[in-house]
Amino acid sequence: INTWVGLLRDPAIVRTTVLRPHLGNVLTGYMNHIVKVRWEDVWDQDHPYSALIEASWDDDEEYNEWLGNLRSKSSQLFRSIGNTEPEIAVTIIHSKICALLNAHCNGEPRDQLNPENNELTMKSTACLQFEGATQPLDNILHGLPSWSVDGGNYDEKRNRIRSIIRPMLSELASVIVSWNPSDVWLKFRRTTLLEALKHYWKHEPSTLPTGVDSLLLYLSAKDNPPKERLSQDVIGLRKKSGVSLVAVSKIVPNLLVPWLSPLSERAKTLLASGGLSPINEMHLYEFLSCVATAVENPLDRSSFVADVLANSIRLLESPRIQNAIQSTETLLSFMGVTQAAINPSCVTDHEFVKKVTGDFSAMFSSLNQLLSVGKRCHEAAKKRPNGGLPVQNLSPVIDDSVALNFPDEGPISINELAINDPFVPLWPKLLPTILQVLDITLRLWHPEFQATLLRDNVQRYVLAISDDEAYLATKQECSVGGVFGKGGTAGSIISGTDRRDLNLTPRWSGWFNELRNNCFQLLGLLCSQRVLYAPEISPLFPRLVSVVTNSMHLRSMEHRHFTQYLKQYIEIMMLSCPTSLYQSHLTAILGPVFEHLQLRFQYSWGPILGTGALSAESTKPLFSANSAEGARLANSDVETWLVAYYARGGLFVGDLDSVTAEAMADKARIEITRTFSDMIQSVLALKGGWALVLANKAKEEAAKRNDPLKSASGPKSRLSENGPTNADGTKRTLVQLHLDARKLLRIDKLCHFLLLENEQIAGYLVLTLIQCLEYPDAYTCRRCTRIVHRVLEAVAWVDRYTELLGYRLFSVAVKAIITEPKWMVGIEWDMINIIRDIYGRMVLGQYFVPGGQGPGLQMTRDPSNPMHFEQTKVVHKPLQGGGILLSPSDFPRRLLMEIGMSQGGIVEIEKNLVENRAAKEQKDTFRDVLRVAADRTKGQNGILERAGEEESLLHQNTRKPEVTALPEKLVTLSQEKRREEKDAVADASDGPWHGNLF
């Protein structure tokens, strides 16, 4: 399949007819292969190829993994064939769908039925066949070239092909839309086929209203016969219908605008019926908001979105909800927590559980609908002709004079922002409520509340992790059936009880997670829509700062909470803030956040490194059995509580088994550290969208150096033959050029702001990065080495940084190499490159291209002062190499003497480093020096395991290269793992009932 995809992506081959005779068979063959085999037929030898299938795969798990990979690769194949030979592709898919409807439209042969209602199941033959046809239909329609379906005038050949294709597509759409199955699973499959038609409806929407009406009808589907509680099959159908509605509305919103009024009335009728689940209501709101964004008049757009969300806003402003969010105490009462202390049995009382669940669902659904609609409006705004920029006319040329003076790089009023985004006028009304909900939710984790809640045998589970979070820590494969499946973690936090039971206790933890994360995401949306920086929001800004930087809020958040805080709010705020507002909007927030992070990391990793007051045993989370100890610590002084609290990541895991609990604690500690490193990489343009901007710029500059005529585009391919492309192969537009110009400005200004304009932000940020190089997590360490290079490029020339970089950073890097920790195997060269970068910039007067790459670029001595170097011409341009320290520092030299080097030895290696400036030569020089020091520390392994000589980079030259022969039969790691698991299960089943008790 890789070969066929590769051939179809080659424009030289596609322009010929060499593939045409084979594509029909290829398409038919792969369409047949992606139909799922029912494994029961293989077991029972009913499948015609049972012997071949059993020889190819050990079990259904291995087959399903293979099928998933095949389907993933088939998507590109189907799309490519549809794009290259639309006539062949449409003829085959038309024939396939029509044949399936003729053979299985009523579920024939009606096998694998549900004994309760005699309906089809997902394993029925008809359902499997329709499932296998959905992906080819979607990808072929998506891949069709526009000329094959639109109304344009083309050459004779294209017009002929179009005249053949369009009647078949019209018939195909008609038969799918008119198909009206009665079985729930056939309705589900019809929904997927309707969703695939969205690519056709872009060009011919005659059947669109009927198709959308069918999806709206399925939102209120019921069981046959009706049940008091909906079956999982019907719930799945409703969810899929909602998802399909949103997917269709995102592709063809402009075509649905003429029916906006009747669609709105239909939606109001569905909402008034009271039979929709919260997620269906959310899908309905998203559907309407997507259509509303296509309305041309900005005032009409904003008015319609406000009308769509009127019920949600009205509920949040109602006295019932406003009273519930007055304080943390009132919220606890609203959620039924306070009542549980007085009467523990109330958490299982049917009427009380129903009331509390309904109240919370109403409040959370309203917040979630705001978030969903806001995101859809923001996505639609970015697709407008101006790319969502608050500038109506984009100039076709961007020169340096324009790039330094963007009129929109500053505060923009809500009225101007609303021209693109109809959601933004709602923010002044919404923000006070969102901040209040976040404030009282975060306050619940303050030590005074923890001290009270952890003492109560029921209330304490408010602070626990959820069953779903425990499941994510177990690294289970999807085949176990999720949190409620075999091997899942349902009922593990509160033994024997899960959120499906008529019990409030296991629901609380998930509810508070949803509230907190929803508020963080709404604040992230506030930033990405640029409303945070609008003048109308300035009266609310002090309140926002007081909530998001409250010292006890920052201190009391668990690691899992803080991870979401960084991902969903802080990172988005830094990336979206206009350059002129860094001082006014970022300083007050980033200063306390970075200061707190440094302390949190220090206390969290201290027990692991053996540098804190607590032992590694303290990293175990809090259990139900010792929750009273957690309450006692929360009642002690704050500093004592924080040390123990961060050591366990703040986790309370209830009755969870110790193995999963410890995995959960490790995951929380590692994830927050990785999130921090990823966030800093993003804002320093080392990954993500900003890094793509730099990659595009580098590509253009390289092309100009080689051939000015090629500066606008790369090599011709199926991806790039229609115009200029990005470095990642995607198409580049005028809008993106304007967006990239603004991002380039922010890349430069934000780096300068973070490292040179505020001592609190810069100091704690760099100190935390230095600490991260010591933490035993290769992912974090490798990324922090990249960040440290950017820091050196930006500030190595600043005297205030000399001690921090020349001694603290240099000592951490040297220690990491000479102690040879086992976890660092594979990233030693990255760390040695840090040592080289520091020594070159701060001692030798050498600078490097970004990332510490390439040979050292030597600066000459200052003629007027031989003790100083001349500064580089790019000292204020870290993206071009940055600067050096004019007066050589003795800090790195002093450290080399501390690890055993003589003064003469230092002079000798500096001479070598100046004479041999190639990257490999310099890194080898440092490796040789550090090997001697490492040999002196043998036997001083410390708390972390030391790498052996077979693994150590420092001793590579002492090992003999050995290439072992491959086995005759190649066995992958996953296959070996499965066999071991099967053997273990077999051994356990053959053993005595008491297992390994003795």
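In helix α40, residues Thr802, Leu805, Gly806, Leu809, Phe810, Ala813, Val814, Ala816 and Ile817 meet Glu828, Met831, Ile832, Ile834, Ile835, Ile838, Tyr839 and Met842 of α41, where contact means heavy atoms within 4.5 Å. Sorted by class, this contact of α40 with α41 has 14 nonpolar, two polar and one charged residues; Ala, Val, Leu, Ile, Met, Phe, Trp, Tyr, Cys and Pro count as nonpolar, Asp, Glu, Lys and Arg as charged, and the others, Gly among them, as polar.

The model is predicted, and local features need pLDDT of at least 70, side-chain atom pairs count only at pLDDT 80 or more, while totals for chains, interfaces and linings use all residues. Residues are numbered from 1 along each chain as its sequence is written, and side-chain values use heavy atoms, with hydrogens and water left out.

**Helix pairs**

Helices (H or I, at least four residues) are DSSP runs numbered from the N terminus. Axes are lines fitted to C-alpha atoms, for helices over the stretch in contact, and the angles run from 0 to 180 degrees between N-to-C directions.

| Pair | Angle | Axis separation |
|---|---|---|
| α40 (residues 802-818) and α41 (residues 828-844) | about 150° | 9 Å apart |
| α7 and α8 | roughly 160° | within 10 Å |
| α29 (residues 541-548) and α32 (residues 582-609) | about 25° | 9 Å apart |

Angles under 35 degrees count as roughly parallel, over 145 as roughly antiparallel, 65 to 115 as roughly perpendicular and the rest as oblique. The helices α40 and α41 are therefore roughly antiparallel to each other, and α40 passes α41 in a left-handed crossing. A crossing is called left-handed if the near helix is turned anticlockwise from the far one by less than a right angle, and right-handed if clockwise.

The helices α7 and α8 are likewise roughly antiparallel to each other, and their crossing is left-handed. On the α7 side, Ala89, Ile93, Lys96, Ile97, Leu100, Leu101 and His104 meet Thr125, Ala126, Gln129, Phe130, Ala133, Pro136, Leu137 and Ile140 of α8, a contact that by class has 11 nonpolar, three polar and one charged residues.

The helices α29 and α32, by their angle, are roughly parallel to each other, and α29 passes α32 in a right-handed crossing. Phe541, Leu544, Val545 and Val548 of α29 make this contact with Ser584, His585, Ala588 and Ile589 of α32, and its classes come to six nonpolar, two polar and no charged residues.

**Backbone features in loops**

Another cis peptide bond runs from asparagine 224 to proline 225, with omega near 0°; proline 225 lies in the loop between α12 (208-218) and α13 (232-251).

**Cavities**

A search of the whole structure finds six cavities of 30 Å³ or more. On a 1 Å grid over the protein atoms alone, a cavity is a set of points where a 1.4 Å probe fits but cannot get out, and lining residues have an atom within 4 Å of a point. Grid points are joined across faces, edges and corners, and a volume is the space filled by probe spheres set on the points.

The second largest cavity has a volume of about 60 Å³, and its lining consists of Tyr461, Ala464, Ile465, Ser466, Asp467, Ile493, Ile494, Thr497, Thr505, Pro506 and Ser509. Helix α28 (residues 505-528) gives the most to this lining, with three residues, and the lining residues divide into six nonpolar, four polar and one charged.

Key
Helix = DSSP H or I, 4+ residues; strand = E, 2+ residues; numbered from the N terminus. 1 Å grid on protein atoms, 1.4 Å probe; cavity = no way out; pocket = protein on both sides within 12 Å on 5 of 7 lines; lining within 4 Å.
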